[in-house]
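Subject: Structure handover

Hi,

Here is the structure I promised to pass on. Please open it first, then read my notes below.

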Amino acid sequence: MTSRASLTRRSFAGLAAAGLAAGLLPTPVAAAASRSGARVRLPAPTGPCAIGVVSARLVDRSRPDPWVPALPYRELMVDVWYPAAPGRPGGGHRLAPYMARGAAARWDAGSPHGIPRGALDFAALRTHARQAAPAETRGGPRPVLVYAAGAGDPRTWGTTLVEELASRGHVVVTVDHTYESPGVQFPDGSVKDNEPLLAALAEAEREGTMSDLLKKVLGVRVADARFVLDRLGSLPHGLSAIVDRGRVGMVGQSAGGVCAAQTMYEDRRVTAGVDLDGTLEFNPEPNGTNLLPVARHGLDRPFLLMGREGSDRTTEPSWRSFWAHSSGWKRNVTLRGSRHQTYTDLATLLPAAGVDRATIEEHIGTVDPARAVAVQRAYVASFFDRWLKGEDDGLLERPSERYPEAEFAG
């Protein structure tokens with residue numbers, strides 16, 4: 001892998017210098033590429049609810065595809081995670097795979113984020129959610145969250161967090177951004193790759209127009225997110241019946257966190273948001289210029305910034321501007337010993353991939369991986385429980401002895 005394929009950058013802007021993603025390889029790969037790796041399990045969610053999941057193809061016919069203009073529509077793949085009705089174990093509904101086999105082969109091909117090719121079997125990995133399990137209808141409509149992964153990452157890359165949120169009573173929609181992720185598999189078996197975005201990246205590097213490309217990437221992501229919000233009333237498996245569209249949140253890591261902030265700025269349907277280590281500017285390297293509108297004007301609704309060690313609202317220029325201009329409730333929590341990818345499933349998967357300690361520290365830092373998962377889950381869930389469910393456990397008011405890895409910057 002070349003330096004263009006590094007995914008250690010923390011910011012949305014950094015995706016340009018990083019070559020977008022380790023998994024963004026245009027080379028076709030046989031599905032068997034994911035079959036030889038170790039089989040691991042993600043940490044079980046801790047909430048009281050069993051969870052189910054369904055996948056769906058959504059088609060936006062109001063716009064052509066921004067990366068393939070010849071296509072007169074934009075198609076997305078989403079997963080909807082939700083509290084499932086209690087019943088006998090399994091109930092005839094199988095545990096959902098972490099990733100579809102065709103998408104897994106593409107992801108594995110790029111040795112993503114330090115995971116050696118073939119070291120993990122992404123297609124064989126099972127989640128804790130039952131496929132198409134009956135939804136829990138007791139208790140009335142539930143808050144709904146949209147989850148956005150980092151640039152070039154698949155929608156599954158935050159499953160550990162998403163399962164926790166669903167187990168605690170939220171409906172969560174995870175979104176793949178077609179032609180940005182290295183492999184998006186559709187119900188007909190076709191896998192859309194990222195060649196259009198790679199071509200745009202190469203052109204931007206030649207022409208010196210990287211900021212313009214970053215603006216386009218974010219614009220596409222925000223349009224995708226707003227389209228998903230439009231479809232909350234017509235979710236698959238009858239799930240719209242358990243969704244409260246008056247209680248909507250959004251969370252994402254890296255470029256996904258940037259998308260959460262900017263979508264919230266542009267669309268008032270999003271009432272609370274979380275940015276997991278995403279820089280709010282259009283630059284290949286963050287320097288405090290070319291700030292996003294949300295960084296220049298702030299938000300008037302609750303927002304949580306969670307950053308890696310050494311980066312917070314006092315050291316990150318775009319976060320400093322966002323903080324100064326936001327009138328809504330806000331918090332900034334830093335995870336001690338963390339790196340950019342600590343806020344993804346890499347915290348669980350990389351240690352299982354048989355890599356050395358230096359590789360682990362390079363990609364997810366020195367924080368204990370299990371503790372990193374626990375801290376992220378606790379603070380994100382506390383935030384959304386407070387602002388979408390009216391259940392405040394006080395965790396976001398002050399440092400906690402339960403989570404000494406979490407440092408408050410405001």
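Helices (DSSP runs of H or I, at least four residues) and strands (DSSP runs of E, at least two) are numbered from the N terminus. After helix 2 comes serine 111, with a positive phi near 45°.

Two notes on the source. This is a predicted model, where local features need pLDDT of at least 70 and side-chain atom pairs count only at pLDDT 80 or more, while totals for chains, interfaces and linings use all residues. Residues are numbered from 1 along each chain as its sequence is written, and side-chain values use heavy atoms, leaving out hydrogens and water.

**The chain**

The protein chain has 11 helices and 13 strands. It holds 410 residues, and 61% of them count as buried. Buried means under 20% relative accessible area, with a 1.4 Å probe and protein chains only. A contact means heavy atoms within 4.5 Å. Among contacts with a separation of 6 or more, 76% join residues 24 or more positions apart.

**Helix 2**

**The largest pocket**

A pocket is an open set of points on a 1 Å grid over the protein atoms alone, where a 1.4 Å probe fits, with protein on both sides within 12 Å along at least five of seven lines; lining residues have an atom within 4 Å of a point. The largest one has a volume (space filled by probe spheres set on the points) of about 380 Å³. It is lined by 24 residues, and Ser55, Asp79, Pro97, Ala100 and Arg155 are the closest to its centre. Strand 1 (50-60), strand 2 (74-84), strand 3 (95-97) and strand 7 (184-185) each give two or more residues to the lining.

**The cores**

What is a nonpolar core? It is a set of buried Ala, Val, Leu, Ile, Met, Phe, Trp, Tyr and Cys residues joined through side-chain atoms within 4.5 Å. The largest has 58 residues. Trp67, Tyr82 and Leu280 are among those with the most contacts inside it. Helix 5 (residues 210-230) gives the largest share of this core, 11 residues. Leucine 280 touches Trp319, Phe322 and Leu291, among others, not counting residues up to four places away in sequence. A second, separate core has 37 residues, including Met306 and Val380.

Best wishes

Terms used: Buried means under 20% relative accessible area, exposed over 50%, partly exposed in between (1.4 Å probe, protein chains only).
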